[in-house]
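Thanks for coming, everyone. Please have the sequence and the 3D view open while I talk.

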Amino acid sequence: MGQIKKFTVEEFQKDFDNLMDKVEQGESFIISDEDKNVIVLPYKEYQEITDDLVRIHTDHDEGC
């Protein structure tokens, strides 16, 4: 996986339609505003990540 592209809020707003098309095609981006960052990613990718997190915390024989 390559490095995720990073945009300022202003850059993202200026090119919003194009960048959202890219997200719909599977790309992810970091949006930065001074000291805060957010990630924009396709829902399918988010769901895969959260499914993996749930699995690693529940798919074992230890505990309750």
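Start with isoleucine 31. Isoleucine 31 sits in strand β2. A word on terms: helices (H or I, at least four residues) and strands (E, at least two) are DSSP runs, numbered from the N terminus. This is a predicted model, where local features need pLDDT of at least 70, side-chain atom pairs count only at pLDDT 80 or more, and totals for chains, interfaces and linings use all residues. Residues are numbered from 1 along each chain as its sequence is written, and side-chain values use heavy atoms, with hydrogens and water left out.

Is isoleucine 31 buried or exposed? Its relative accessibility is 10%, so isoleucine 31 counts as buried. The cut-offs are these: buried is under 20% relative accessible area, exposed is over 50%, and partly exposed is in between (1.4 Å probe, protein chains only).

What does isoleucine 31 touch, leaving aside its neighbours within four places in sequence? Its contacts are Phe7, Thr8, Val9, Phe12, Lys36, Asn37, Val38 and Val40. Contact here means heavy atoms within 4.5 Å.

Now the aromatic rings. A pair of aromatic rings is described by the distance of the centres and the angle of the planes. Rings of Phe, Tyr and Trp (its six-membered ring) pair if their centres lie within 6.5 Å; planes under 30 degrees apart count as stacked, over 60 as edge-to-face and the rest as tilted. How many aromatic pairs does the structure hold? Three.

One of them joins phenylalanine 7 and phenylalanine 29. That pair is edge-to-face, with 5.2 Å centre to centre and 70° between the planes. Phenylalanine 7 belongs to strand β1 (residues 5-8) and phenylalanine 29 to strand β2 (residues 29-33), so the pair ties together parts 22 residues apart in sequence. Both phenylalanine 7 and phenylalanine 29 are buried.

Next, tyrosine 43 and tyrosine 46. Their ring centres are 5.7 Å apart and their planes are at 40°, so this pair is tilted. Both lie in helix α3 (residues 43-58), three residues apart, so about one helical turn separates them. Tyrosine 43 is exposed, at 56% relative accessible area. Tyrosine 46 is partly exposed, at 44%.

Histidine 57 is exposed, with a relative accessible area of 58%.

Now find glutamate 34. Glutamate 34 is in the loop between β2 and β3 (36-40). Its relative accessibility is 76%, so glutamate 34 counts as exposed. Its phi is near 55°, a positive value in a residue other than glycine. Why point that out? Most residues other than glycine have a negative phi.

Last, zoom out. The protein has three helices and three strands, in the order β-α-α-β-β-α along the sequence. Its C-alpha atoms fill a box of roughly 50 × 30 × 20 Å, taken along the principal axes. Of its 64 residues, 16% are buried. And among contacts between residues at least 6 apart in sequence, 26% join residues at least 24 apart.
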